[in-house]
Structure formats: structure tokens, C-alpha cells
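Please read these notes alongside the chain. They are numbered so that each can be checked on its own.

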Amino acid sequence: MYSVRTERLLVRGYEPTDAAASGELLKANLEHLARWMPWATMEATTIDSRLAWIRRARADLDRPASDLVYGIFDGSSGELMGGIGLHARVGPQALEIGYWISVAHEGRGYVTEAAGALTRVAFDVHRVARVEIHCDPRNVRSAAVPRRLGYTHDATLRRRALDPRGRECDRMIWSLFADELGASAATKVRYEAFDALGRSVARG
Ligand SMILES: CC(C)(COP(=O)(O)OP(=O)(O)OC[C@H]1O[C@@H](n2cnc3c(N)ncnc32)[C@H](O)[C@@H]1OP(=O)(O)O)[C@@H](O)C(=O)NCCC(=O)NCCS
């Protein structure tokens, strides 16, 4: 899946021409992201480093069973607002969704909308049996996203990750199974997904 449109958003693979906007957005949000996302503290924001990162992310879109990383863009203006990914790191037949949004665009439901659409894409296009969302239990805004979408809190694993300062932290695991999708709030998010040629591959 290359892109997905929702009511307010375009979630699509990054293009090389997004390098400058991606660097600016990261630079403006380093503190915001570094609280919860260890990678953010290591990310370089120069246009060349962003271009190199985008080229790797684009290559991954074409590799089966790898990380599928997308930008979250305003569906009307095209402004880059955040990022979201479908990650194949939680075992077979399953994908994990990770996300972030710029501090300027928090609190409008954009992440819930994007994560709801990717939840549907994971089941409808990638045909997985389970989708997971993981977060630090102290990250209440993040935990609210799977809760809002109807995921179940399976467990909070103790001391299972390192926070961005390198300290041990707990890991909350949320999951949604394919046969639970229909009754979940994720189905309230309308979406249409497209392939590399812009052909519609799924909608709902
Ligand atoms: C975690 C994070 C992605 C959550 O972002 P968010 O903006 O709170 O999430 P949403 O975009 O879904 O917005 C939800 C809020 O918008 C409100 N909202 C407004 N319109 C809405 C709509 N149409 N649909 C749903 N919610 C809506 C909700 O009521 C909620 O508000 P509240 O926080 O006052 O309860 C964000 O805080 C972030 O990027 N943090 C830093 C990086 C990070 O922690 N990533 C996750 C790592 S696990």
C-alpha cells in the first residue's frame, strides 16, 4: 500500500521532495518527540540526511515484510504534519502501528484517524490476523489512541524497553484481532487505499 486517503488526511510514502519539510518538522518537534521516541534523539535534520532516510523508507515500501513508513499530510493543503508506520516486528500475521504528530497538530484527532485507517488497511490489504500498538504507560496521549479505536489493553510488560534517556520503562501492549474489527471504532474511519500506480486497492 502506497497511500491512503481519509476524510481529512493523506497518508502516503515520503517523496524525495519531502526532505526539506521533513527536516523542518523534526527540528521543530525534537523536544516533543524525544520525550517518548528514542530514535528522535538520534535523527539528523539536515536535508541530505532526511533525503537518505526517505530513500531507505521508499525502498522499504517495495520490500515484503518490512517496515512501511508514511507521512501524515493534510488532505487539502498537503502540509506534512507527522508520521505513522506499519511495522513487521511483532511476529507473523501481525503488524504494529507506531505514530507521532507535530505539537502544532495535536489534539485534533488526526492520529486516531490515521491509525484507524492503517488498522483497516492492515486487515483489508495486508490480511493480518492481529494489529498491535505499543506505548509507555506514562504516555497517556498515545495510549488514548488505541483505546479510542477499540483496541484491547492486553498487558503492561514490566521493564521491557528503554526510554529515550536510556532508563528501563514498562511497555503497554494493545491489540485488535481481525474478528474484532467490525465492532471496533476503527471502522468509523472511512478510507481508500492506493497502490504504486494510484489505483484503488481497498476502501471502506
Ligand atoms: C501520542 C500522540 C501521537 C497523540 O496525539 P494526539 O493529537 O493526542 O492524538 P489525536 O490526533 O488522535 O487527537 C486526539 C485528541 O483530539 C481530540 N479530537 C478532536 N477532534 C477529534 C476527532 N475528529 N476524532 C478524534 N479525536 C478528536 C480528542 O478528543 C483528543 O483530545 P484530548 O487529548 O483532549 O482528549 C502525540 O501526542 C505525539 O506525537 N506525541 C509524541 C510522540 C509519541 O509519543 N508517539 C507515540 C509513541 S508510542
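1. Strand β1 (residues 3-6) pairs with β2 in the antiparallel sense over 3 bridges; two strands count as paired if DSSP finds at least two bridges between them. The bridge partner of Val-4 in β2 is Val-11, and the hairpin that joins β1 to β2 runs through 2 residues. Helices (H or I, at least four residues) and strands (E, at least two) are DSSP runs, numbered from the N terminus.

2. On the source: this is a predicted model, in which local features need pLDDT of at least 70 and side-chain atom pairs count only at pLDDT 80 or more, while totals for chains, interfaces and linings use all residues. Residues are numbered from 1 along each chain as its sequence is written, and side-chain values use heavy atoms, with hydrogens and water left out.

3. From β2, Leu-9 and Val-11 point one way and Leu-10 and Arg-12 the other way, and all are buried. Buried means under 20% relative accessible area, exposed over 50%, and partly exposed in between (1.4 Å probe, protein chains only). β2 is also joined to β3 by 4 bridges, and these two strands run antiparallel. Leu-10 stands opposite Phe-73 in β3.

4. Strand β3 (residues 68-74) pairs with β4 in the antiparallel sense over 6 bridges, with Leu-68 opposite Leu-86 in β4. The two strands form a hairpin with 5 residues between them, and Gly-78 in the turn has a positive phi of about 80°. Gly-83 stands opposite Trp-100 in β5. The hairpin of β4 and β5 has 6 residues between the strands, and Gly-91 in this hairpin takes a positive phi near 95°.

5. How many residues of strand β4 are buried? In β4 (residues 80-87) 8 of the 8 residues are buried, so the strand is largely enclosed by the rest of the structure. Met-81 lies in this strand and is buried, with a relative accessible area of 1%. Leaving aside neighbours within four places in sequence, the residues in contact with Met-81 include Leu-9, Leu-25, Phe-73, Trp-100 and Tyr-110; contact means heavy atoms within 4.5 Å. The C-alpha atoms of Met-81 and Ser-22 are separated by 9.0 Å, although these residues are 59 residues apart along the chain.

6. The largest nonpolar core has 41 residues, and those with the most contacts inside it are Val-4, Ile-84 and Ile-97. The largest share of this core, 9 residues, comes from helix α3 (residues 110-124). A nonpolar core is a set of buried Ala, Val, Leu, Ile, Met, Phe, Trp, Tyr and Cys residues joined through side-chain atoms within 4.5 Å. Leaving aside neighbours within four places in sequence, Val-4 is in contact with residues including Ala-117, Leu-118, Val-121 and Tyr-191. A second, separate core of 13 residues includes Ala-19, Leu-26, Met-37 and Trp-100.

7. The count of aromatic pairs is 2. Rings of Phe, Tyr and Trp (its six-membered ring) pair if their centres lie within 6.5 Å; planes under 30 degrees apart count as stacked, over 60 as edge-to-face and the rest as tilted. Tyr-14 and Trp-53 form an edge-to-face pair, 5.1 Å centre to centre with 75° between the planes. Tyr-14 lies in the loop between β2 (9-12) and α1 (19-34) and Trp-53 in helix α2 (residues 47-61), so the pair ties together parts that are 39 residues apart in sequence. Tyr-14 is buried, with a relative accessible area of 5%. Tyr-14, Trp-53 and Phe-73 form one aromatic cluster.

8. Two arginines sit over rings of this cluster. The charged end of Arg-12 is 3.8 Å from the centre of the Phe-73 ring, and that of Arg-50 is 4.5 Å from the centre of the Trp-53 ring. A charge sits over a ring if NZ of Lys or CZ of Arg is within 6 Å of the ring centre and within 35 degrees of the ring normal.

9. In helix α4 (residues 140-149) the buried residues are Ser-142, Ala-143, Ala-144, Val-145, Pro-146 and Leu-149. They pack against β5, α3, β6 (130-135) and β8 (168-177). Gly-150 follows α4 and has a positive phi, near 90°.
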